[in-house]
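Reader: Can you walk me through this one? Keep it quick.
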Amino acid sequence: MASSPTFLLLVALFALISWQAVASDPGPLQDFCVADMHSPVRVNGFVCKNPMDVNADDFFKAAALDKPRVTNKVGSNVTLINVMQIAGLNTLGISIARIDYAPLGQNPPHTHPRATEILTVLEGTLYVGFVTSNLPAPNRNKFLSKVLNKGDVFVFPMGLIHFQFNPNPHQPAVAIAALSSQNPGAITIANAVFGSDPTISDDVLAKAFQVEKNTIDWLQG
């Protein structure tokens with residue numbers, strides 16, 4: 001039989017390993033936890049609605065994801081259906097998006113801080129890619145890309161900068177993406193760096209990008 005100090009050490013190590021194994025979003029502890037958007041209580045996510053008040057509409061939205069959308073100035077439109085649109089998604093760790101691309105349009109470089117994304121092309125062709133993180137070598141900032149055709153599927157790992165671009169100058173493209181979070185979040189790199197409020201010092205950005213300050217001022221403008 002192990003001595004008391006050895007036994008305590010083993011227990012401590014087991015607890016540490018177990019904690020690391022569950023150090024992510026916990027799984028649901030009940031069938032569902034429909035978000036109560038009107039509760040004054042603030043938690044990580046949303047408080048559960050009384051199950052007796054839950055109905056089918058809490059899991060439904062007439063989202064018209066089969067209909068085309070008008071694209072923005074970079075030539076894309078993301079229609080995200082997350083917990084803010086379907087309260088029943090609370091704690092279920094999933095959301096969906098339709099993405100429309102104009103000819104030569106793009107969903108510019110961005111990241112989802114809380115979700116992995118899996119994307120499939122419904123119409124057209126997309127050039128997609130992501131960049132790995134700074135460390136470790138030799139895969140530091142490695143760029144992985146692929147041309148996708150109708151029916152193809154591609155995965156963007158959680159938190160990594162990625163994009164989609166429609167290379168066709170004449171035809172639009174459409175994709176559907178599933179994301180592994182009820183609220184994946186999105187950080188568009190150009191907007192965050194050059195369009196923050198208040199702005200990041202041009203001294204900082206000029207040093208980071210190794211350009212003149214007037215170039216940073218122009219980009220921020």
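Author: Glutamine 210 follows H3 and has a positive phi, near 55°. Helices (H or I, at least four residues) and strands (E, at least two) are DSSP runs, numbered from the N terminus. This is a predicted model: local features need pLDDT of at least 70, side-chain atom pairs count only at pLDDT 80 or more, and totals for chains, interfaces and linings use all residues. Residues are numbered from 1 along each chain as its sequence is written, and side-chain values use heavy atoms, with hydrogens and water left out.

Reader: What caps the N-terminal end of H3?

Author: Serine 201 does. A side-chain oxygen of serine 201 lies 3.1 Å from the backbone nitrogen of aspartate 203.

Reader: Which residues of H3 are buried?

Author: Asp202, Leu205 and Ala206, in a helix that covers residues 202-209. Buried means under 20% relative accessible area, exposed over 50%, partly exposed in between (1.4 Å probe, protein chains only).

Reader: Why do they line one face?

Author: Seen down the axis of H3, the buried residues fall within an arc of 100°, so they line one face of the helix. The arc is taken over the directions from the helix axis to the C-beta atoms.

Reader: And the face turned away? What does it carry?

Author: The exposed residues Val204, Lys207 and Ala208.

Reader: What covers the buried residues?

Author: The cover includes helix H2 (189-194) and helix H4 (213-220).

Reader: What does S2 pair with?

Author: Strand S1 (residues 76-81) runs antiparallel to S2, with six bridges. S9 and S2 are also antiparallel, over seven bridges. Strands pair if DSSP finds at least two bridges between them.

Reader: Which bridge partners can I check?

Author: Serine 76 has tyrosine 101 in S2 as its partner. Serine 95 has leucine 179 in S9.

Reader: Next, histidine 112. Where does it lie?

Author: In the loop between strand S3 (106-111) and S4.

Reader: Buried or exposed?

Author: Histidine 112 is buried, with a relative accessible area of 10%.

Reader: Which side chain does it join in a polar contact?

Author: That of histidine 110, at 3.5 Å. A polar contact is a pair of N or O atoms within 3.5 Å; within protein, one must be able to donate a hydrogen and the other to accept it, and residues adjacent in sequence count only if both atoms are side-chain atoms.

Terms used:
Contact means heavy atoms within 4.5 Å.
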